[in-house]
Amino acid sequence: PEPRHALADIQSRHAKIIIRLKEIIEELEKAHADHLSYRQSLQEAEKWIMQMSFKLMTFNALNVSSQELTMQQIEKHKGLVGEIDNFQNRIDEVKDKADHLLKLSDDQGDLGVQIEKQLSSLDDSYLSLQATAMQIKERLQEVLAKWQDYEKQLVKCDKYLKNDVHPWLSQQQGQTPSNVAAIQSSHTKAKDLLERLQKFKQDILTAGSRCENLGSLEGRLAKEDPAETQDTLAVRATQTLGAVDQAIRALEREIARCQESATVWESVNSLRNDLAEYLDKAQAQLKVMQETPAKLHIDAAQIEVAKIQGLRDEIQLKQASIDKLRSRYEQLGGEQFKDQVTPLQDLQQSLIEQANKLLQDREQALDTCRQYHHQQAEMDTEIDALAKDLEQLKQNPNISAREKTERLKRLRESLQKEGEGLHKLRLIGDEVASEVSPHDRQLLLDNINDLERKYNDLQ
């Protein structure tokens, strides 16, 4: 019995050992499987991070040469960032597996140190990946901001062209400024529009220069789909800048036209002012002549007539200036400036008519004055001759009474004729006296009275 018991005990212990060995084998196999699973998960995580790093690196060569392509790259990058963020779950799974291994392997200190290093390296790689993704995101946003600023400048310029420049240019077409102030206003407006438009152009070119060399973050990919590289913003910029250049040329032409019109207007205004000033002076001069009495002396009267003729001729010569002024106004706007010339023309004609009438009156006064002086001189000579004859007759004792009577009779007849001449002189004198100055009038009356005294004394 003892050997049987001993054998049974051995068999029992053997069975237990076998069972325990199987359990240990199962535990080792499970631990090995867990370790392999951790290693595989760790390697896959590291591999994924490395692959994602390569993907992110390609963003340094992605085409951002247009706003559309930049937005496409941003959308692509958003997808990658989403994948990176979601990968945190995979990292957590690796850490969970590592924690499980560490719990099973408390007595394996080297393994724990190794796993800690691996997890730390994995975290660092993942954080680095996230940082790189964030940098690329920020860089893409900076590029997009440049494209958006470029687009904003184009929109503002298009709006300015549409709402300010083009309406004003259309308004100026066929419009004739009515005065220098209107021209100066148009000139100032055109300069303001031009300066602001040139600034818009400069802003667009500056914004475009910040975008035109972007190409890619590090360099444009050699192979791109032509459909993807189509830059609608570049097309719009070309159209806008073309419209800006066209508007600038139009504004420069308008400024030149304003300057030319201003020169013409200044010339016209100068011509009109000079003409108006001359006619005003001529009117004042003619008024003085009209209010000045006629001259008694023939020389002075002739000089006065010559002055009136000269003034009238000068006024008539101003017709050429009036015709020139009318022609200039017709060039500037035609009938709307008719009122600018008509008053000057009317004044000139009125002055000519007044000068002609005054000239006619003074020429007639000159003729009357000549008659007066001729009649006076003739009578003065005749009366002096009669007085001399009478004196000789009185002093000659050799003349008979009969002959003396005959000669006195003839002297009396001659004296009677001079009486008629004196009456005629008086009539002419009255006519002249009504035209001359009070001083000349008195001189005239004194001369006539002197002749009358001589006549009466002789009679």
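**Aromatic pairs in a predicted model**

Biologist: How many aromatic pairs does the structure hold?

Modeller: The model is a predicted one, and ring pairs are counted in it where the centres lie within 6.5 Å. On that basis, the number of aromatic pairs that the structure holds is 5.

Biologist: Are the rings of Trp48 and Phe87 stacked or edge-to-face?

Modeller: The ring centres of Trp48 and Phe87 are 3.8 Å apart, and their planes stand at 10°. Planes under 30 degrees apart meet the cut-off for that class, so the pair of Trp48 and Phe87 is stacked.

Biologist: How many residues apart in sequence are the parts that the pair of Trp48 and Phe87 ties together?

Modeller: Trp48 belongs to helix α1, residues 2-58, whereas Phe87 sits in the loop between α2 (67-86) and α3 (88-104). The pair therefore ties together parts whose separation in sequence is 39 residues.

Biologist: Is Phe87 buried or exposed?

Modeller: The relative accessibility of Phe87 is 3%, and the limit for this class is under 20%. Phe87 therefore counts as buried.

Biologist: Is the aromatic pair of Trp147 and Tyr150 stacked or tilted?

Modeller: Trp147 and Tyr150 are 3 residues apart in helix α4 (residues 109-172), which means that about one helical turn separates them. Both Trp147 and Tyr150 are buried. With 6.2 Å from centre to centre and 40° between the planes, their aromatic pair is tilted.

Terms used. Residues are numbered from 1 along each chain as its sequence is written. This is a predicted model: local features need pLDDT of at least 70, side-chain atom pairs count only at pLDDT 80 or more; totals for chains, interfaces and linings use all residues. Side-chain values use heavy atoms; hydrogens and water are left out. Rings of Phe, Tyr and Trp (its six-membered ring) pair if their centres lie within 6.5 Å; planes under 30 degrees apart count as stacked, over 60 as edge-to-face and the rest as tilted. Helices (H or I, at least four residues) and strands (E, at least two) are DSSP runs, numbered from the N terminus. Buried means under 20% relative accessible area, exposed over 50%, partly exposed in between (1.4 Å probe, protein chains only).
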